[in-house]
Amino acid sequence: MAADTEQHASLHLWRARMRKRRGRGLDSGHSKELNLVAMMDMMTIILVFLLKSYSGSTLTVNSSQNFQFPKSTHQITPVDATKLTVSNYDSGEGQIIVNSDIVATLDSKAVLSMKRKARNRDYMIPELFKALKKEAAMVKAETKIRNEDATTYEGNILIIADKELPYWLLTAVLFTSAEAGFDKYNLVAVKKHQ
């Protein structure tokens, strides 16, 4: 019996030394464990914060050196839509691009023809109309595949136009887009620093 008590005491001393080595001290009745509930709450809060802060800017736009974005003080989260880019033609390198496909070049001859037609209130740009009709059919087909209800096609388009683009050309682009089925447009601008 005395041997058992002595062995138990030495075992207790050995455990106390081991705890001391690990940095826990001699307090054997109180064990420190990692509280997982508080840790999961903290991780959830961090995750929600990161999702909210990164969800604001999902639009990526490729631009050349000659392209100047218009500036705005408003901030609106862009919706996923077809991108229509119109660069300024002053440098001789103007283009009309649907998503990433160049549908028309804005050389001096083409611009002169469009300008003459716009004076007569003929705003249609045939190359752009053909490309947007094809894009509208593709968007409708994708919408139909994703949802069986094909009536959810909304005709959203993002117009990314150069700051110096003349009004008559922007009018022609908007008119042609609406005629091709993209009648809900948003003009893309960069937020003005205050």
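The structure described here is a predicted model.

**Overall architecture**

The protein chain contains five helices and seven strands. Their order along the sequence is α-α-β-β-β-β-α-α-β-α-β-β. Of the 194 residues in the protein chain, 26% are buried. Among contacts between residues at least 6 apart in sequence, 67% join residues at least 24 apart.

I96 is located in strand 3. The residue counts as buried because its relative accessibility is 0%, and buried means under 20% relative accessible area. With neighbours within four places in sequence left aside, I96 is in contact with L84, T85, V86, D101, I102, V103, A104, L106, I125 and L128. Of these partners, L128 also takes part in the contact between helix 4 and helix 5.

**Packing of helix 4 and helix 5**

Helix 4 comprises residues 126-146 and helix 5 comprises residues 167-179; the two pack at an angle of about 40 degrees, and their axes are 9 Å apart. The crossing of helix 4 past helix 5 is right-handed.

With a relative accessible area of 4%, A136 is buried. Apart from residues up to four places away in sequence, A136 touches Y153, A180 and F182. A136 is 41 residues from S177 in sequence, and the C-alpha to C-alpha distance between A136 and S177 is 10.0 Å.

Most residues other than glycine have a negative phi. What is the phi of N99? The value for N99 is near 55 degrees, which is positive in a residue other than glycine. N99 is found in the loop between strand 3 (94-98) and strand 4 (101-106). R121, likewise not a glycine, has a positive phi of about 60 degrees. The loop that holds R121 lies between helix 3 (108-119) and helix 4. As for solvent cover, N99 counts as partly exposed at 33% relative accessibility, whereas R121 is exposed, with a relative accessible area of 68%.

**A nonpolar surface patch**

L34, L36, M39, M42, M43, I46, F49 and L50 make a nonpolar surface patch of about 800 Å². One of these residues, L50, lies in helix 2, which spans residues 36-54. L50 counts as partly exposed because its relative accessibility is 36%, a value in between the limits of 20% for buried and 50% for exposed.

**Accessibility of selected residues**

The residues discussed individually are collected below.

| Residue | Relative accessible area | Class |
|---|---|---|
| I96 | 0% | buried |
| A136 | 4% | buried |
| N99 | 33% | partly exposed |
| L50 | 36% | partly exposed |
| R121 | 68% | exposed |

Technical notes:
Residues are numbered from 1 along each chain as its sequence is written. This is a predicted model: local features need pLDDT of at least 70, side-chain atom pairs count only at pLDDT 80 or more; totals for chains, interfaces and linings use all residues. Side-chain values use heavy atoms; hydrogens and water are left out. Patches are made of residues with over 30% relative accessible area and no salt bridge: like charges are joined within 9 Å, nonpolar side chains (Val, Leu, Ile, Met, Phe, Trp, Tyr) within 5 Å. Accessible areas come from the Shrake-Rupley method with a 1.4 Å probe; for residues, only the protein chains shown count as cover. A salt bridge is a side-chain nitrogen of Lys or Arg within 4 Å of a carboxyl oxygen of Asp or Glu. Helices (H or I, at least four residues) and strands (E, at least two) are DSSP runs, numbered from the N terminus. Buried means under 20% relative accessible area, exposed over 50%, partly exposed in between (1.4 Å probe, protein chains only). Axes are lines fitted to C-alpha atoms, for helices over the stretch in contact, and angles run from 0 to 180 degrees between N-to-C directions. A crossing is left-handed if the near helix is turned anticlockwise from the far one by less than a right angle, and right-handed if clockwise. Contact means heavy atoms within 4.5 Å.
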